[in-house]
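Me: I have a model open and would like to talk through a few local details and the packing. Could we start with how you sort residues by accessibility, and then go through it piece by piece?

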Amino acid sequence: MSGMFGIFGISGSGMKANRISLDAIADNIANMNVIKSTDDDAFQPRTAILETVAGDDGRTNGPGGGVRVKEIELGSKEGRLLFDPNHPLADDEGLVRAPDIDLGEQMTQMLVSQRGYQMNSTTIEKAKEMYQQAISILGRQ
Amino acid sequence: MNDLTIDALQSTLHALMVRQKVTAKNIANAEVPNYTAGKVNFEDSLRSALNGGSNPISVQPTTTDSANLAGPDGNNVDIEEEVLTLMETSMRYQLFVEGLQAKLRDMRTSLSRDR
């Protein structure tokens, strides 16, 4: 989105991408402890893959375009095998399937996405100030 | 009627807005693998135009790749630098808007005085 209020489009796309990333992380954390039997696939962790959107001038890093989520990548179906023979879903060898999710890594990613969301939000605030300044050229006597 | 000051102010305001857009772009792409940050240049061209006597209104801001070192994922956005640029560009924009307003006020005052 270029034109007169282009910054809102750029930073807005950034906030949207950050939010989708956070949704994926929240999903992973919520499903961290979902146990399946070894006959089923594990809960596959979600990862939002981001890519740049070029502006009208075709430049990736020019004054237009933005960023977007290219796809949500699904992680391992095998997950991690845990030995828990007392679990109702345990197989003959006492194994169950857990998702391949590391909480520490998820928390780190969460901080990155949160920070990104805040930065894009700050940029929108600054842009709003500038646009208001530009409009004020007309108003003041 | 050509007013060099107004042309220079207008050219600067436009260029600062382009710089802010590129800064917004860099911030939005701060975590995208293999993204190269953009940088906007116009001060040198504007100075040359003013010193050389050509019309500053024709000076266009140019976007080039940042020479910063990339991290392990190929992204070279320096977020602290982008935030500083964001703040500075915002303040300079305000400064130049006020300059333009002052200039316009002067012109209106002269117009009313000449009546």
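Reply: A residue counts as exposed when its relative accessible area is over 50%, as buried when that area is under 20%, and as partly exposed in between. Please keep in mind that this is a predicted model.

Me: OK, so is B:N34 buried or exposed?

Reply: B:N34 has a relative accessibility of 62%, which is over 50%, so B:N34 counts as exposed.

Me: And where is B:N34 found?

Reply: B:N34 is in the loop of chain B that runs between helix 1 and strand 1, the latter being residues 38-41. Most residues other than glycine have a negative phi.

Me: What does B:D73 touch, leaving out residues up to four places away in sequence?

Reply: With those left out, B:D73 touches B:E31, B:P33 and B:N34. B:D73 itself is found in the loop between strand 2 and helix 3 of chain B, and its C-alpha atom is 8.2 Å from that of B:V32, although the two residues are 41 apart along the chain.

Me: How accessible is B:D73?

Reply: B:D73 has a relative accessible area of 33%, so it is classed as partly exposed.

Me: Switching to helices, how do the axes of helix 1 and helix 3 of chain B cross?

Reply: The axes of helix 1 (residues 4-28) and helix 3 (residues 79-113) of chain B come within 9 Å and cross at roughly 160°, which means that helix 1 is roughly antiparallel to helix 3 in chain B. The crossing of these two helices of chain B is left-handed, and their contact has 14 nonpolar, nine polar and four charged residues.

Me: What about helix 1 and helix 2 of chain B?

Reply: For helix 1 and helix 2 (residues 43-52) of chain B, the axes come within 11 Å and cross at roughly 170°, so these helices too are roughly antiparallel to each other. On the helix 1 side the contact is made by B:L4, B:A8, B:S11, B:T12 and B:R19, and on the helix 2 side by B:E43, B:L46 and B:L50. Sorted by class, these residues comprise four nonpolar, two polar and two charged.

Me: Now the other chain: how many residues of chain B are in contact with chain A?

Reply: There are 36 residues of chain B in contact with 37 residues of chain A. The two chains bury about 2900 Å² between them, with 63% of it on carbon and sulfur atoms. B:K21, B:K25 and B:Q101 supply 21% of the area that chain B buries against chain A, more than any other three residues.

Me: Last one, where is B:T63, and what does it touch?

Reply: B:T63 lies in strand 2 (residues 62-65) of chain B, and is buried, with a relative accessible area of 15%. Apart from residues up to four places away in sequence, B:T63 touches A:R59, A:N61, A:G62 and A:P63 in chain A, and B:V22, B:G38, B:K39 and B:V40 in chain B.

Methods. Residues are numbered from 1 along each chain as its sequence is written. Chains are lettered from A and ligands numbered from 1 in the order in which they are written. This is a predicted model: local features need pLDDT of at least 70, side-chain atom pairs count only at pLDDT 80 or more; totals for chains, interfaces and linings use all residues. Side-chain values use heavy atoms; hydrogens and water are left out. Helices (H or I, at least four residues) and strands (E, at least two) are DSSP runs, numbered from the N terminus. Buried means under 20% relative accessible area, exposed over 50%, partly exposed in between (1.4 Å probe, protein chains only). Contact means heavy atoms within 4.5 Å. Axes are lines fitted to C-alpha atoms, for helices over the stretch in contact, and angles run from 0 to 180 degrees between N-to-C directions. Angles under 35 degrees count as roughly parallel, over 145 as roughly antiparallel, 65 to 115 as roughly perpendicular and the rest as oblique. A crossing is left-handed if the near helix is turned anticlockwise from the far one by less than a right angle, and right-handed if clockwise. Ala, Val, Leu, Ile, Met, Phe, Trp, Tyr, Cys and Pro count as nonpolar, Asp, Glu, Lys and Arg as charged, and the others, Gly among them, as polar. Buried area is the accessible area (1.4 Å probe) that two parts lose on being put together, summed over both.
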